[in-house]
Amino acid sequence: MHSGITISQSDSRPMYLQIMEQIKQRIALGDWVPGQEIPSIRQLAVELRVSVITIKRAYLELDREGIIVTQHGKGSTVATDPDLSPRLYDQELTEHVDQVARLGELLGHSPEELANRVREAADRLVKEHV
Amino acid sequence: MTTNTDLAVQFAGVGKKYPHFTLDDIHLEQEEGSIMGFIGANGAGKSTTIRILMGLVHQDHGMVRVLGHTMPHQQAAAKFDIGYVSEDMRLYRTATIDWHMRFIRSIYPTFDQAYAEQLCRRFDLKPQQKVKGLSHGQRVKAALMLVLARRPRLLVLDEPTTGLDPIARQEVLGELMQVLSDERRTILFSSHNTLDVEQISDSITFIDRGRIIDSGDKEGYLDRWRRMRVDVPPGVSLPSLPGTIQKASTGRITVLTTNSFDPAMTALCRDAGATVHNIDRMTLEEIFVANVASRREGVLA
């Protein structure tokens, strides 16, 4: 089975996070269904040309988040009830928002101005998708 | 000492003295089924370490075990289990690739002809071609093909991707990963191309001036090392942060590198009156350079 996962070297996020995100995406889109077997750690490592330990890390985190179930010696499957609430992204978002707040302070923007800028950015994104 | 059968490579207290270079107290362990990247500047001792591992150079002292064989005494037996490719690998200039395949097959009964032919196709090599007509990249791929087709349990590669173009590099890395689909096979490769090491290695060992300066799993490195930019207003002094490797201040901004990052550091700085502006992850190359620089200068408190 070809996983369709791609790794970008210009993405500043670590490789294991990129892999996690794309696996979640496939599950969210229904390409990979609950209970379905997914590539083994070694298979995916060979396919993506990425070290075994990196894939192991991604699977471990996905397991911890209840998205996949890994049984020693039996491989991994999509959890029967995968919890796709994006805890990890939430943490990332918090970091980015903190950064926005810091930059805003540096430039002397008020919290209201900052909120407006964020709203404008969100509006732009909605328009791009239309 | 207990013998761990899951270790493919084990060095304990290994040393070798030359007139102008000393390899000092090398400890190294690599698990079976993993890829280890061995990173060092030119002349750091990578090749000497690898030659000791192969039994080509005898250590003055210390214990070396490779796949259960004690080196250098059992090197004859070990050589059947090890595949070694180095830059100075000599192929016969006037002979063809096919001649080399037959030659290796006559020595190593495990040589898999079908796999060798498959590799030739994937590496874009023509068996009837003579070595003297090959480009550098083709020679490296030919040497690698001859070794891979024996399916050795341990592959030792000295700078396997040096001088390869991007296509050939990806072909070689892909083939190395293919080897790892068999979880009993192990690869140790040296490189000064940290990008390759970052991509495919499970564990990483840094060597500098004949000493191992750090060794550990790759995810751990990338997780622990960070570069932070901190705004330190006048009159405020930065609290001492664990694992600080480098620290440089210009004006109010202090840039520091830590090898033991903890998210709580932001709060520590804030409590002291300083503000953390950026926390950047580092590439393996940046980690290596910072590591070497700090060891050479002497570690900061």
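Me: In β13(B), which residue is the bridge partner of B:T244?

Reply: The partner of B:T244 in β13(B) is B:T258. This is a predicted model, and in it strand β12 (residues 244-250) of chain B is joined to strand β13 (residues 253-258) of chain B by 6 bridges.

Me: And do those two strands run parallel or antiparallel?

Reply: β12(B) and β13(B) run antiparallel. Together they form a hairpin, with 2 residues between them.

Me: Which residue in the turn has a positive phi?

Reply: That residue is B:G251, whose phi is about 60°.

Me: Where in chain A is there a hairpin?

Reply: One is formed by β2(A) and β3(A), with 3 residues between the strands. Strand β2 (residues 68-71) of chain A and strand β3 (residues 75-78) of chain A run antiparallel and are joined by 4 bridges. A:Q71 has A:G75 in β3(A) as its bridge partner. In this hairpin A:G73 takes a positive phi near 80°.

Me: Back to chain B. In what order do the strands of the open sheet come?

Reply: The order is β2-β1-β4-β5 in chain B, so named for 4 strands that pair in the antiparallel sense.

Me: Which strands stand at the edges?

Reply: β2 (22-31) and β5 (69-71) of chain B do. Each has a single partner strand, so one side of each is left without a neighbour in the sheet. From one strand to the next, the twist averages 20°.

Me: How many bridges are there between β4 and β5 of chain B?

Reply: Strand β4 (residues 61-66) of chain B pairs with β5(B) over 3 bridges, in the antiparallel sense. Within this pair, B:V64 stands opposite B:M71 of β5(B).

Me: Which helix packs on the sheet?

Reply: Helix α1 (residues 46-54) of chain B packs on the sheet and touches β1 (7-17), β2, β4 and β5 of chain B. The direction of α1(B) makes about 115° with that of β1(B).

Me: Staying with helices in chain B, how do α5(B) and α6(B) lie to each other?

Reply: The axes of helix α5 (residues 136-148) of chain B and helix α6 (residues 166-179) of chain B cross at roughly 10° and come within 11 Å. The two helices are therefore roughly parallel to each other.

Me: Which residues make the contact?

Reply: From α5(B) they are B:G137, B:K141, B:L144 and B:L148, and from α6(B) they are B:A168, B:V172, B:E175 and B:V179. By class, the contact of α5(B) with α6(B) has 5 nonpolar, 1 polar and 2 charged residues.

Me: Now chain A. At what angle do α1(A) and α3(A) pack?

Reply: Helix α1 (residues 15-28) of chain A packs against α3(A) at an angle of about 50°, and the axes are 9 Å apart. The two are therefore oblique to each other, and their crossing is right-handed.

Me: What residues are involved there?

Reply: α1(A) brings A:M15, A:Y16, A:I19, A:M20 and A:I23, while α3(A) brings A:T54, A:I55, A:R57, A:A58, A:E61 and A:L62. The contact of α1(A) with α3(A) divides into 8 nonpolar, 1 polar and 2 charged residues.

Me: And what about α2(A) with α3(A)?

Reply: These helices pack at an angle of about 125°, with axes 9 Å apart. That makes α2(A) oblique to α3(A). The crossing in which α2(A) passes α3(A) is right-handed. A:I41, A:R42, A:L44 and A:A45 of α2(A) meet A:V52, A:I55, A:K56 and A:Y59 of α3(A). Of the residues in this contact, 6 are nonpolar and 2 charged, with no polar ones.

Me: How many residues are in contact between the chains?

Reply: In chain A there are 13, in contact with 19 residues of chain B. On the side of chain A that touches chain B, the elements giving two or more residues are α2 (41-48) and α3 (52-64) of chain A. The most comes from α3(A), with 4 residues. That side of chain A has 7 nonpolar, 2 polar and 4 charged residues.

Me: Last topic, confidence. What does the model score?

Reply: Its ipTM is 0.80 and its pTM is 0.82. Chain B has a mean pLDDT of 90, with 97% of its residues at 70 or more.

Terms used. Residues numbered from 1 in each chain as written. Chains lettered and ligands numbered in written order. Predicted model: local features only at pLDDT ≥ 70, side-chain atom pairs only at ≥ 80, totals over all residues. Pairing = 2+ DSSP bridges. Axes fitted to C-alpha atoms, helices over the stretch in contact; angles between N-to-C directions. Contact = placed C-beta atoms within 7 Å. Nonpolar A, V, L, I, M, F, W, Y, C, P; charged D, E, K, R; others polar. Parallel < 35°, antiparallel > 145°, perpendicular 65-115°, else oblique. Left-handed = near helix turned anticlockwise from the far one by under 90°. pLDDT = per-residue confidence, 0-100.
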